[in-house]
Amino acid sequence: MAEDGEHDQGLGAGLDPLGAGASVWSPDGTRIAFTAPVDIAAAPDAPGPSAPGRPVVVDRLDFQTDGAGLVGTVRRHLHVLDLTTGRCRQITDGDWYASPPAWSPDGSRLVFTAGTAPNADLTAQSATHIVAVDDHAAVPVRVGPTEGVATSAGWTADSNALLVVGHLDEPVGHARLLHVPIDGEPGTGVTDLASSLDRNVMPGGPGYPGALPQLTGDGRTVVFCVRDRGCTHVYAVDLDGMERERRPRLLLGGAGHTVSGMAVRGSTVALVLATPTSFGEIAVLDLRSGAWTVRTAHGSALSDVELFPRVEREFTISDGTVVQGWLIGDRPAGDDAPRPLLLDIHGGPHNAWNAAADPVHLYHQLLAARGWNVLLINPRGSDGYGEEFFDAVNSAWGVADAQDFLEPVDALVAEGIADPARLAVTGYSYGGYMTCYLTGHDDRFAAAVAGGIVSDLTSMAGSAEDGHFLAAYEFGGPPWADPDRYAAMSPLTRVDQVHTPTLILHGTDDLVCPVGQAAQWHTALRERDVPTQMVLYPGGSHLFVLEGPPSHLLDFNSRVAEWVERHADSREGRRRPPIDAAHWQRRLAFLAARHQVPGATLGILRTRPDANGAQDDVLVEAAYGMLNTETGVAATTDSLFQIGSVSKVWTATLVMQLADEGLLDLDAPLITVLPELALADPETTKAVTMRHLLTHTSGIDGDVFTDTGRGDDCLEKYVAGLADVPQNHPLGATWSYCNSGFSLMGRVVERITGVTWDQAINERVFARLGLRRTVTLPEEALLHRAAVGHEGFDDDGSPRRAPVWCLPRSLGPAGLITSTTADVLTFARAHLHGGRTADGGRLLSEAATTQMADRHAELPDPYTLGDSWGLGWIRFTWDGQLVLGHDGNTIGQSAFLRLLPAEGLAITLLTNGGNARDLYEDLFQELFAELAGLDMPRTPAPSTHPSTVDVGPHVGVYERAGARLEVLERDGGGCCGSRSPGRWPIWSPTRWRSTRCSPWMPPVIASPYGTRTPAPGAR
């Protein structure tokens, strides 16, 4: 403490945790004046406001401030820091807030504005005050009108008058530039220097560009900013001469030219200037010549980015009112097709759009680049069109201006610019309010995004930071005085009429439009089953899109674009979310590591018609881990993995192609093509058809993995060996998964085409699809970046490389295709498009493609694989929707493919070891929930409570070529032992587990043809 009782602090010391306001230097540069928070209830000599957490006692309405929260007894007061002594002294005190100050030309006094009356929280009145800086006993002296609102104040050069921005009466209508004499009777001699303009004076603030009035070097002219047709322009008015001769003159204007900062020195004005092609640069204006030049090039980094311009429009509303607007969007020559339209509503309601480049609403440019039009309208209530227009919505929010939005939309629809089936609406603050209001009164919008919203004016009037003043000056009085008026203006009154899918974006700490407004709207829509989502930005004030973290701004913009595209960018209705490549790359990496999968690739395809009917494909790929843990070669999206039994669908497609061409009858006995065919059962030999093979109903034991060599005759030899393979069940009696049948199918293909199966599928399938990284032989795979399988784990938990790369060539049609995610999805795409390839050619006829997807066989075990079978495809029912797919497992590699035809969505996962099926389940659950809104069912899990099962009727030995299964009673319960190559599962009435099989597989006893038979592993 200094001897005179002043706080002695270093120049860099903060006065309190809340920090100080902007620094204002004295004319001689020896002192700095600023505002800082002061706790008026704190003990004398306390270093700052009381500790947080103390209960806040509220007597007045000004107890909260957006961006600061509850202020309690903290008020902002003037302080002066002496740079010579380092001493800082508080200049003002009291139960009120001081505005930023301005020094008198001689540096002896400060002027500021404040509402010092005891009822200032009720009246909004504030006045200018002057305080002597060097007189420690001085108290502020009120200067100017006794009523009215003073927002900011400065001095004239002779110190005989003040330049005040404010209102002479209530804060309604335009702010004035007032010349206020210091001497004389309070309120007398006040002159409005800008009255002839009929425009709002703009002192500047977040979202409201402008600057404080300033004097030129000779002190004879005031330079100030006003809003004109949405733009903030610079004007000057001379202080000399008679009052009636003072006419403001334009210094810098023009469409799309907006000033958001200004400093005047001598005859030079430095400006922050935005234009239609610039987000903002420093420009210098010469007051003598009127010329201005840009002095910076901050936007040069974006010089190669071409912005979609805001093209000015005017619309005449049915009552004769003309509203200005801008249309953003590219309409190529010759393109007459109507486009989706987003109507964006500004805040305020007394703000305004303009034609300057906009660094905040980035989704305008993003949507325009994606074929949208964006419409900006300055409706009644907007700034820059005269005071009558400015005040036109007072006491009539929504009621007075709704048609100012809807009729321009109608006009664009009539002009063929906007597609009436693809309209969306968005807005922030008042724009968020209006978004809710319009969707409650009109069903035309397919999507809505409401930010910083107001949904209920009654609760708004009693809870918002300035709710009392909104009620008094915007709503027409308190809610109890005119409840019908409030009901007519409040969106919540008609929320029962809202059907538009609505996204709500709101800051959690917003006190201008409290977050409860958003919660009310979201709750009502959720209760009414209207599609809705609320996104809350932690710590976000009402201005978080302007002053919050850049990450919040980016998130805000991306969500607006995503929501309107999802719900309004399709003539068929709701669109699913975009595919976030980075997100799915992260999820693949996280889940693959969790499930100890050494390497994996993920492919996601969404395909749909675009606005012109052409196919609009989105392909996203991700890769994780290593192709070989011993070599450390990284997995990439162009890496090849064995797709195993997914190959069966490819072979089935080849067979259906032959049927399309009349070369094969699916229902004719195979011996008509292969007369030498001899199976163990003579009756089956005579009657088995291609349809039996495609549907796994032939009864041939399916797990015969005979290696018949690497020669081109391997399938011929394999089929000959089937004569010794017994039947699992009578022909067509039931379903049993059958690899052998597909090798037989491959031999049929060879006989019809005259070439090997490998050559046939290359020429007839791979080539027609334009695939370059899909092969069937290991020597072909060596030419690419190929994965190696991994089986089991070493003692240290790392995946163990498989000793063998692939299965015998004789199993090629059943499971030897090796491919990439992109190629697999190219194949899937053809099936999603009725057999048509991306280049417009044909892989299959539409009829054949439909046949493959249709239901052809029921499964005795509807849990392990799917619930029914097509021709090659496994069929699933998820949330009532048909899903097609197939899985594949080879030596240490696993593949998964799923198609959702209704959404044009296909997803594939290729892996090389670890707990691949667990990865598939976790990842695909997330994918289909996010991208299609489907709840993918989990593979059944064992009961946590033992069940009572009578195993007596099932006791015995069951044997087929691939396995020997023994069911017996033990210790009062049942168990099952199964012997198959390398596999020893154990089954009880409640649990089945395996050292090599994950996840758990349910025990199924089936009796499809009168014989009760265990069906483990879908056999």
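Me: Why does Arg31 count as buried?

Reply: This is a predicted model, so the value is computed from it. Arg31 has a relative accessibility of 14%. Buried means under 20%. Arg31 therefore counts as buried.

Me: What makes Asp134 exposed rather than buried?

Reply: The relative accessible area of Asp134 is 53%. Exposed means over 50%. Asp134 is therefore exposed.

Me: How do you know that Asp134 and Arg31 form a salt bridge?

Reply: Their closest N and O atoms are 2.7 Å apart. The cut-off is within 4 Å, between a side-chain nitrogen of Lys or Arg and a carboxyl oxygen of Asp or Glu. The Arg31–Asp134 pair therefore qualifies.

Me: What does the pair of Asp134 and Arg31 tie together?

Reply: Arg31 is in strand 3, residues 31–39. Asp134 is in the loop between strand 10 (127–132) and strand 11 (141–143). The pair therefore ties together parts that are 103 residues apart in sequence.

Me: How many salt bridges does a search of the whole structure find?

Reply: It finds 43. One network links Arg594, Glu921, Asp922 and Arg938.

Me: What makes Glu314 and Arg229 a salt bridge?

Reply: N to O, their side chains meet at 3.0 Å. That is within 4 Å, so the pair passes. Glu314 lies in strand 25 (residues 310–316). Arg229 lies in the loop between strand 18 (221–228) and strand 19 (231–238). The two are 85 residues apart and link distant parts of the chain.

Me: What makes strand 18 largely enclosed?

Reply: Eight of its eight residues are buried, so the rest of the structure largely encloses strand 18. Both faces are covered. Thr221, Val223, Cys225 and Arg227 are buried on one side. Val222, Phe224, Val226 and Asp228 are buried on the other.

Me: How do you know that strand 18 pairs with strand 16 (residues 200–201) and with strand 17 (residues 214–215)?

Reply: Pairing needs at least two bridges. Strand 16 is joined to strand 18 by two, and they run antiparallel. Strand 17 also has two with strand 18, again antiparallel. Both cases therefore meet the cut-off. Val201 has Val226 as its bridge partner in strand 18. For Gln214, the partner in strand 18 is Val223.

Me: How many bridges pair strand 18 with strand 19?

Reply: There are eight, in the antiparallel sense. The cut-off is at least two, so this counts as a pair. Val222 stands opposite Val237 in strand 19. Strand 18 and strand 19 form a hairpin with two residues between them. In that turn, Arg229 has a positive phi of about 50°.

Me: Why are strand 12 (149–155) and strand 15 (191–192) said to stand at the edges?

Reply: Four strands form an open antiparallel sheet in the order 12-13-14-15. Strand 12 and strand 15 each have a single partner strand, so one side of each is left without a neighbour in the sheet. Six antiparallel bridges pair strand 12 with strand 13 (residues 161–167).

Methods:
Residues are numbered from 1 along each chain as its sequence is written. This is a predicted model: local features need pLDDT of at least 70, side-chain atom pairs count only at pLDDT 80 or more; totals for chains, interfaces and linings use all residues. Side-chain values use heavy atoms; hydrogens and water are left out. Buried means under 20% relative accessible area, exposed over 50%, partly exposed in between (1.4 Å probe, protein chains only).
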